[in-house]
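Hi,

Here is the structure I said I would pass on to you. Please have a look at it first, and then read my notes below.

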Amino acid sequence: MSINTSPDRPVILISGIASNFETQWRRSGWVDRLEAAGRTVIGVDLPGHGTNTDAVGRDAADLILEEAAKHGSVDAIGFSAGAWALLLAASEQPALFERIAVLGAADAVLTGGLHHESMQQPVVEGLRSAEEPAGNPMLSLLRSIIADAGNDREAVAGHLASSHRFVTVEGLGAVKAAVLVVEGGADMAGPSDLVAEKVPNATRFTVDGADHFDIPADQQCLEEVETFINKAG
């Protein structure tokens, strides 16, 4: 049983592309587990997602920083695009973050420039298409996640089409929080070697056999992150 050692420090949860706080975190049990440990849980949806459909062109990191600044010190957990936004926020204002967990922050997104809006254009076009994509399993999966979450497909596409800040390799070194880097052993996006190496106070956990979208739904992942995020310090 987890023992809460920092009841006055809330935990911010940031979901990935296509999903939102309710479907990514509440439905899969994260909110209940953290609240049962005495933590206050705050959801931050990506721009164009969930409660932030009116923030399409904004940087997700700014939404995280605005919420963190209300409390002065927070813990946080982010998945995929939410993890990268969290790393950027924690590198820009490190004093706001004590303990963070980043799930599915694959190096290839950073080293391959996959976050640039030009690289996202095929996905944007596929999301905006009135017809279901043929022969593109990833695009079909994203459209399915968007529909399941009740998100607006055009708003999600608008977010992906917008230019945003992104953490750099050098910026990773500015993160002062204790960081748990969680990767899937079968993640199609690849490992998080660079992230785990460059973040100064990082530990690493691999979810064996998990593909990218399996990571936040994995119970072993939830237990590992919960234990980490509830530690003192």
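Let me start with the aromatic rings: searching the whole structure turns up three aromatic pairs. Rings of Phe, Tyr and Trp (for Trp, its six-membered ring) are paired if their centres lie within 6.5 Å, and planes under 30 degrees apart count as stacked, over 60 as edge-to-face and the rest as tilted.

One of these pairs joins W25 and W30, edge-to-face, at 5.1 Å centre to centre and 85 degrees between the planes. W25 counts as buried, at 0% relative accessibility, and W30 is buried too, with a relative accessible area of 1%. Buried here means under 20% relative accessible area, exposed means over 50%, and partly exposed is in between (1.4 Å probe, protein chains only).

Another pair is F79 with F213: the ring centres are 6.3 Å apart and the planes are at 70 degrees, so this pair is edge-to-face. F79 belongs to strand β3 (residues 74-79) and F213 to the loop between β6 (202-207) and α11 (219-229), so the pair ties together parts 134 residues apart in sequence. Helices (H or I, at least four residues) and strands (E, at least two) are DSSP runs, numbered from the N terminus. F79 is buried at 2% relative accessibility, whereas F213 is partly exposed at 26%.

In the loop between β3 and α4 you will find S80, which is buried with a relative accessible area of 17%. Leaving out residues up to four places away in sequence, S80 touches G16, L103, G104 and H212; contact means heavy atoms within 4.5 Å.

Now to a helix pair. Helix α3 (residues 60-69) packs with helix α4 (residues 81-92) at an angle of about 55 degrees, and their axes are 8 Å apart. Axes are lines fitted to C-alpha atoms, for helices over the stretch in contact, with angles from 0 to 180 degrees between N-to-C directions. The two helices are therefore oblique to each other (under 35 degrees is roughly parallel, over 145 roughly antiparallel, 65 to 115 roughly perpendicular, and the rest oblique). From α3, the residues A60, A61, I64 and L65 make the contact, and from α4, A85, L86, L88, A89 and E92.

A word on the basis: this is a predicted model, where local features need pLDDT of at least 70 and side-chain atom pairs count only at pLDDT 80 or more, while totals for chains, interfaces and linings use all residues. Residues are numbered from 1 along each chain as its sequence is written, and side-chain values use heavy atoms, leaving out hydrogens and water.

Best wishes
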